[in-house]
Amino acid sequence: MSDSIMITVDKLNKSFGDLHVLKDIDMTVKESDVVCLIGASGSGKSTLLRCLNFLEMKDSGKVIIEGEQIERETHDLNKVREKVGMVFQHFYLFPHRTVIENVVDAPVHVKKVPKAEAIKHAEELLRKVGLIEKKDVYPSKLSGGQKQRVAIARALAMKPDIMLFDEPTSALDPELVGEVLSTMKELAEEGMTMVVVTHEMGFAREVADWVVYMHDGQIVEVGHPKELFHAPKEQRTKDFLDSVL
Ligand code: ADP
Ligand code: MG
């Protein structure tokens with residue numbers, strides 16, 4: 001693990017109208033860290049993740065990606081997003097394109113990678129997520145777990161330095177959760193920097209370097225999984241864990 005800082009969030013605030021959703025959020029993510037964000041629904045986890053790849057813009061505070069303070073006025077957000085990949089709860093694959101066409105789309109059309117090179121990389125990624133034999137099928141022929149693994153390959157095709165996951169397994173049938181989590185675990189073991197919103201406490205316990213517990217727009221507690229799950233310092237963390245474990 002390296003000491004290089006990939007993400008710094010400094011006093012981030014975000015409101016939707018009168019609703020103050022993120023309140024003075026501070027966070028640091030180092031290279032190869034796996035940070036799991038946990039907390040009740042509505043606590044602001046998705047909004048925080050969306051602020052990290054600029055699908056939402058903060059009201060105040062700083063978001064620093066690999067040393068650069070990102071502002072709408074000074075940065076091409078599409079370029080920044082190439083460094084920060086995101087996988088959502090619902091997989092938005094293009095239904096009329098095959099699996100491999102889905103994976104090469106952004107590298108070819110956004111990054112202008114030569115098609116042959118993009119295909120070669122896409123094949124490596126599909127092999128990595130265990131779906132090379134599905135490369136020429138259409139998404140409708142895939143299970144939810146397979147679709148989500150294609151979505152992961154598609155995000156990786158842009159060669160991001162950081163991967164964000166927003167409840168990537170919550171829309172899946174229970175028997176399909178494991179295959180997606182093991183793909184994510186492999187990615188973590190390869191050293192990818194990851195921020196993962198999840199309700200899978202087993203995954204957080206096993207894979208996270210840090211667990212961040214959010215409540216009502218604030219970070220209540222940050223700890224190594226061992227500490228946070230077994231000896232939470234804050235009563236609110238304890239109450240939340242009691243309700244989910
Ligand atoms: P979580 O992911 O922890 O469930 P969210 O970040 O999705 O929480 O939402 C935090 C709060 O912000 C919720 O009350 C939600 O209804 C509200 N919210 C999220 N996105 C929007 C939006 N685009 N417009 C208005 N309110 C929103
Ligand atoms: Mg959410």
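Predicted model: local features only at pLDDT ≥ 70, side-chain atom pairs only at ≥ 80, totals over all residues.
**View 1. Who sits around ligand 1.**

**View 2. Polar contacts to ligand 1.** Here we're looking at pairs of N or O atoms within 3.5 Å. A polar side-chain atom of Thr47 is 2.5 Å from an oxygen atom of ligand 1. For the side chain of Ser46, an N or O atom lies 2.8 Å from a ligand 1 oxygen, and for Gly44 a polar backbone atom lies 3.0 Å from one. On its own, ligand 1 exposes 560 Å², and the protein buries 59% of that (Shrake-Rupley method, 1.4 Å probe).

**View 3. Elements that build the shell.** Helices (H or I, at least four residues) and strands (E, at least two) are DSSP runs, numbered from the N terminus.

**View 4. H5 against H6.** The axes of H5 (residues 144–156) and H6 (residues 174–189) come within 8 Å and cross at roughly 20 degrees (lines fitted to C-alpha atoms over the stretch in contact, with angles from 0 to 180 degrees between N-to-C directions). So H5 is roughly parallel to H6, as angles under 35 degrees count as such. The crossing of H5 past H6 is right-handed (the near helix is turned clockwise from the far one by less than a right angle).

**Notes.** Residues are numbered from 1 along each chain as its sequence is written, with chains lettered from A and ligands numbered from 1 in the order written. Local features need pLDDT of at least 70, side-chain atom pairs count only at pLDDT 80 or more, totals for chains, interfaces and linings use all residues, and side-chain values use heavy atoms, leaving out hydrogens and water.

Notes: Polar contact = N/O pair within 3.5 Å; in protein donor to acceptor, adjacent residues only side chain to side chain. Parallel < 35°, antiparallel > 145°, perpendicular 65-115°, else oblique.
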